[in-house]
Amino acid sequence: MLSLRQKLALGFGGLLVIIAAIGIHNITRITALGQSIDVILRENYRSVLACQEMKEALERMDSGAVFVLLGAEQKGNDQIALNEARFEKALQVELGNITLPGEGEKAERLKQLFGQYRSDIKVMANLAVGREARRKRYFDELNPQFQRIKDTADTILRMNQENMVAMDARARGQALSVRGQMYMMLLAATVIAAGFLFLTGKWILRPITRLTNSAKEIRKGNLDLVVPGGSSDEIGQLSEAFNEMTASLREFRRTGQARILRIQRSTQQAFDSLPDAIAVVNPEGEVEVATEAAGDAFGLRLKVRVPDLPYPWMANLFEEALRKGRTVELEGTGAVVQQFVRNEERFYRPKAVPILDPGREPAGVVLILHDVTQQRQLDEKKSGAVSAVSHQLKTPLTSIRMAIHLLLEEKVGGLSPKQADLLVAAGEDAERLERIIDELLDIGRIESGKARMDLRPVPPIDLVVREIEAYRPAARDGGVSLVVDLPATLPQVWVDPARIAHVFANLLSNALKNTRPGGKVTLSAKDEGEFVRFQVSDTGVGIPEKYLPLIFEQFFRVPDQGPGKGVGLGLAIVKDIVEAHGGTVGVESREGTGSTFQFTLRRTDPGAMERRRT
């Protein structure tokens with residue numbers, strides 16, 4: 001049996017031999033044809049030119065003789081001498097280029113005639129001979145010799161021209177013969193090449209096609225096929241190796257399926273033991289693994305598609321995590337979703353974590369829906385307790401403030417200076433305590449949704465100007481520049497002016513309090529899709545990075561930034577008010593360079609509402 005290399009050598013070698021044979025044959029015939037044409041140009045054409053040159057020179061010599069007879073002896077003799085040399089030169093060319101039978105005799109005859117003509121024409125130049133005698137000599141001897149020489153030269157010219165015509169016809173015949181032979185050889189080469197191609201397809205292409213089809217079947221999961229060998233060449237060896245590979249794949253699939261089944265069962269059991277609702281989703285949105293809690297609460301079960309579930313926020317979380325390749329959570333008031341499970345109200349905080357492959361491309365998403373029901377209940381209890389205590393404290397606190405006021409007014413008797421100072425300090429502390437109680441009550445009302453929100457469309461410039469003017473004196477006294485940067489084209493926003501005034505007041509007072517003299521506080525805003533983003537930036541002391549996640553928590557104050565007078569409720573109220581408006585809050589800060597607090601408010605124009613719906 002031939003090997004694959006030998007088969008390829010036979011197929012392509014045969015084609016190479018055919019090409020070489022056609023090329024050698026064509027080169028040979030074209031060379032012969034070129035030689036024939038060269039003979040025409042090199043031999044006959046030179047004789048033709050020589051004869052034409054002799055005829056022209058002879059005619060000019062005859063004209064010179066006529067000039068002598070007419071009395072222009074000098075001109076005639078010069079013309080005779082000049083053309084005699086031309087004729088002699090052309091005659092020597094002809095004598096040296098004898099190529100045809102009979103051409104030599106004609107050339108020798110031409111030489112003899114010219115010798116006689118040259119002797120006779122010299123008489124014409126002899127002035128001792130009378131003009132009448134020279135005229136008679138011209139017409140009786142010289143002119144007939146002229147005609148004989150011319151006729152002989154014409155005969156030689158005609159012989160060469162006829163031979164050129166014959167050679168041309170012969171060359172054309174050779175060209176036709178070469179063309180016919182080329183057609184025959186091309187036809188034969190085509191038939192032989194078709195045979196080689198057929199054998200090549202039988203030996204190589206068909207086995208490779210079988211291997212290709214088998215690879216496609218394996219890609220579809222069909223590992224039970226067997227590729228027939230049929231030969232012992234490299235293709236046959238490849239087929240055997242292919243069959244061994246499929247056998248190994250079948251065994252690997254069998255053991256792999258068992259291993260995957262064990263892993264899936266172990267993973268499912270581990271997932272079922274988790275209290276939270278967790279689901280692993282592939283890039284197509286289909287659930288691959290899910291905890292029992294995820295199935296009970298949200299219908300996240302095996303093979304269920306997330307986009308088909310009646311939870312748009314879940315599909316949005318999944319798509320955003322897959323697109324951005326980072327963890328995504330719900331924000332604002334919708335950060336916690338309510339769900340009834342077995343007629344019991346539960347609360348979940350959703351989060352989508354992308355699964356990244358080694359190339360940092362998303363290969364799936366883990367949906368984590370953390371059950372925060374207990375935490376929410378504790379927060380509600382805490383808020384309820386704080387509200388109850390605040391209400392209980394408000395009445396006696398009012399009585400204490402009234403009593404201090406009456407004592408300071410000395411309605412019940414005089415006071416010493418020391419007593420007055422103590423009562424003033426007690427009054428200030430009572431007022432501070434009342435503000436804290438009012439803030440706690442505000443937080444409780446906002447978080448419970450009981451706070452009345454009087455939303456209306458308001459231009460951002462109206463919100464800012466009203467609040468910024470109230471803080472210009474404090475900024476001027478503290479040596480701080482207060483800058484407003486608002487585009488005139490900002491759209492209106494939905495706000496409760498009284499509530500948002502508290503937000504601006506808190507952020508501006510904090511910025512001024514933490515900015516040294518010579519610094520700057522900037523209040524700016526910009527359009528961002530369906531929201532308008534407001535920013536309060538300062539060049540103050542900044543906030544350490546480790547405290548930024550806690551900055552909006554209740555009762556949190558940044559350590560080591562002075563004693564201050566607050567208890568850490570201002571930013572918590574800011575957060576609750578903004579989220580009650582449907583916006584978000586955030587902060588960026590670098591210690592020593594300043595801070596930027598920002599929040600968003602929803603636009604009122606129809607374009608923003610349309611973008612929100614889409």
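Strands β8 and β10 (residues 520-528) run parallel and are joined by five bridges; strands here are DSSP E runs of at least two residues, helices are H or I runs of at least four, and both are numbered from the N terminus. Two strands are taken to pair if DSSP finds at least two bridges between them. Within this pairing, V484 sits opposite L523 of β10. The model is a predicted one, with pLDDT of at least 70 required for local features and 80 or more for side-chain atom pairs, while totals for chains, interfaces and linings take in all residues. Residue numbers start from 1 along each chain as its sequence is written, and side-chain values rest on heavy atoms, with hydrogens and water left out.

The β8-β10 pair belongs to an open sheet of five strands, ordered β8-β10-β11-β13-β12, in which the pairing is mixed. At the edges lie β8 (481-485) and β12, each of which pairs on one side only. From one strand to the next the twist averages 15°. At the β12 end, β12 (residues 585-590) and β13 (residues 594-602) pair in the antiparallel sense over six bridges, and E588 faces T596 of β13. These two strands make a hairpin with three residues between them, and G592 in the turn has a positive phi of about 95°. As a general point, side chains in a regular strand alternate between the two faces of the sheet.

Next comes a helix pair. Helix α11 (residues 497-513) packs against helix α12 (residues 570-580) at an angle of about 145°, the axes being 9 Å apart; axes are lines fitted to C-alpha atoms, for helices over the stretch in contact, and angles between N-to-C directions run from 0 to 180 degrees. The contact (heavy atoms within 4.5 Å) involves R499, I500, H502, V503, N506, L507 and N510 of α11, and G570, L571, I573, V574, I577 and V578 of α12. Eight of the residues in this contact are nonpolar, four polar and one charged, where Ala, Val, Leu, Ile, Met, Phe, Trp, Tyr, Cys and Pro count as nonpolar, Asp, Glu, Lys and Arg as charged, and the others, Gly among them, as polar.

Helix α12 is largely enclosed by the rest of the structure, because nine of its 11 residues are buried. Buried means under 20% relative accessible area, exposed over 50% and partly exposed in between, using a 1.4 Å probe and protein chains only. The buried set in α12 includes G570, D576 and E579. Just after α12, G582 adopts a positive phi of about 85°.

Q79, in helix α2 (residues 73-95), is buried at a relative accessible area of 17%. Neighbours within four places in sequence aside, Q79 touches R60, S63, G64 and F67. Q145 lies in helix α4 (residues 131-219) and is buried too, with a relative accessible area of 8%. F114 is 31 residues from Q145 in sequence, with 8.2 Å between their C-alpha atoms.

As for the chain overall, there are 13 helices and 13 strands, and 37% of the 614 residues are buried. Of the contacts between residues at least 6 apart in sequence, 63% join residues at least 24 apart.
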